[in-house]
Amino acid sequence: MSFVFSDRVRERARPAPLARWRWHLGAVALACAWPLAMPSAAELPQAEPLDWRQANEAVGRYLRGHADLLKAEPAPPPAAPDARAELGLDAALAQALARRPELFMRPGQSPAETSGQRREALEWQREVREAWGQAVLAQQLARLSEEAAHVAATGAELGRRMAQVGTWSRAQWLREHTLSLDAQLARDNATTAAAAARAQLWQKLGMADGDTRWHLPGDWPALAPIPSPPVDGQPDAAPPALFEQALTQRPDLLAARVEAQRVVQAVAPAQLAAAQAQVAQAAQAAVSQGQATGALNPVALGWNHAQERALSANLAVQAQETTLRLDLQNAWRQWQMAQSQVTRLSASQAAQTELLDDMQRRYNGMLKSTWDLLASAREHMATQQRLQQARHDLWLSHTRLQHLLAGGDAVPHSPSLGAVPTGGTQRSPGH
């Protein structure tokens with residue numbers, strides 16, 4: 001049996017340990033377990049409440065105050081187990097790869113064909129990973145939005161009853177009613193976003209009946225370890241070993257490096273240094289004259305063919321390796337930042353959980369009001385939403401860093417989905 005409490009009459013109850021009950025259901029049930037049906041604005045008197053004599057008479061019709069209104073109800077039956085199979089990340093990747101037989105290597109392929117095919121397969125795998133992660137995140141946010149809407153509806157329903165017996169004005173109830181409507185809108189938007197994310201995933205997997213065959217996991221998979229930077233290095237600098245690891249997976253860059261070294265060895269180091277200085281001087285002159293480019297005459301400068309080839313090959317390899325280093329550096333920083341955010345938000349969630357547990361004890365001890373309990377539940381839920389977003393960002397940044405290390409191309413950094421609705425922490429006036 002779950003009991004409902006009001007500000008006037010509260011049933012004493014010993015709360016179960018926080019780890020054994022879902023805090024949001026506990027908070028909602030303790031605040032108001034009456035079946036909730038969202039009322040329209042016309043269900044309350046259009047005028048302000050009656051005078052105090054009439055209000056007291058209205059309350060007096062209930063011998064035990066609000067306790068006559070709030071009655072014990074049986075606990076909801078447990079949810080039936082999901083008969084669908086869980087679609088883990090490995091299962092999604094295997095299902096997606098099975099749809100692309102052209103990505104499988106065949107006998108007799110040239111090294112260039114094999115390299116290009118592998119990079120195309122890595123890109124396809126990355127797209128599937130990100131679609132899967134987006135679907136998992138959207139499902140989690142939809143679930144939290146549903147809980148936030150239920151908490152908001154609880155506040156609106158309790159406010160409606162208080163207005164009915166005259167202890168609240170219509171304006172006070174309308175504030176709670178508006179919060180509930182906003183929470184319902186956020187829930188509907190989150191539900192729609194979750195369905196759209198699943199549809200994109202099913203499209204990549206080639207399953208029109210994905211919703212009837214699979215269900216997504218409720219948590220993120222464990223992340224593979226990545227080497228940490230040396231103790232005396234910059235904290236946000238990617239370890240040099242990561243560049244060498246990524247380079248070994250890029251045969252095109254390795255071949256270009258070997259070719260550049262062969263060409264450079266054909267000229268004297270002084271000749272190559274002189275050519276580089278002359279190009280830099282010509283560039284400086286063009287910029288000082290306001291020109292977009294300058295002019296070079298290799299014959300007048302005394303360059304031979306080998307010298308010009310060495311200069312071009314060396315600069316091309318430097319540009320490619322610099323791009324890879326910077327891509328790794330950016331991916332490393334994003335991963336480090338995501339780790340920091342998850343650590344901070346995890347600590348914040350632990351603090352919010354402890355505060356909610358303390359608020360529950362104070363509520364049971366008649367030291368805090370129902371509205372304090374609802375506000376604490378909303379704050380806890382908002383932290384959960386931000387933490388889920390941060391976990392997704394961590395998983396995504398880790399996935400993209402691993403993609404680079406495996407030989408894939410860099411992906412432009414994409415910001416988070418945006419500010420997550422908190423469900424509101426406003427407290428109604430008069431409490």
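Analyst: Trp-332 is buried, with a relative accessible area of 0%, where buried means under 20% relative accessible area, exposed over 50% and partly exposed in between, taken with a 1.4 Å probe and protein chains only. This is a predicted model, in which local features need pLDDT of at least 70 and side-chain atom pairs count only at pLDDT 80 or more, while totals for chains, interfaces and linings use all residues. Residues are numbered from 1 along each chain as its sequence is written, and side-chain values use heavy atoms, with hydrogens and water left out.

Trp-335 also counts as buried, at 7% relative accessibility. Trp-332 and Trp-335 are 3 residues apart in helix H11 (residues 305-364), so about one helical turn separates them; helices (H or I, at least four residues) and strands (E, at least two) are DSSP runs, numbered from the N terminus.

Turning to ring pairs, rings of Phe, Tyr and Trp (its six-membered ring) pair if their centres lie within 6.5 Å, and planes under 30 degrees apart count as stacked, over 60 as edge-to-face and the rest as tilted. By this rule there are 5 aromatic pairs. In one of them, the ring centres of Trp-168 and Trp-371 are 5.0 Å apart and the planes stand at 10 degrees, so the pair is stacked. Because Trp-168 lies in the loop between H4 and helix H5 (170-205), and Trp-371 in helix H12 (residues 370-405), this pair ties together parts that are 203 residues apart in sequence. Trp-168 counts as buried at 3% relative accessibility, and Trp-371 counts as buried at 3% relative accessibility. The rings of Trp-332 and Trp-335, in turn, have centres 5.3 Å apart and planes at 65 degrees, so that pair is edge-to-face. Elsewhere, ring pairs link Trp-132, Trp-220 and Trp-395 into a cluster.

Charged side chains also meet aromatic rings; a charge sits over a ring if NZ of Lys or CZ of Arg is within 6 Å of the ring centre and within 35 degrees of the ring normal. The charged end of Arg-100 is placed over the ring of Trp-124, 4.9 Å from its centre, and Arg-325 lies over the face of Phe-243, at 3.7 Å from the ring centre.

As for the setting, the protein has 12 helices and 2 strands, and buried residues make up 41% of its 431 residues.
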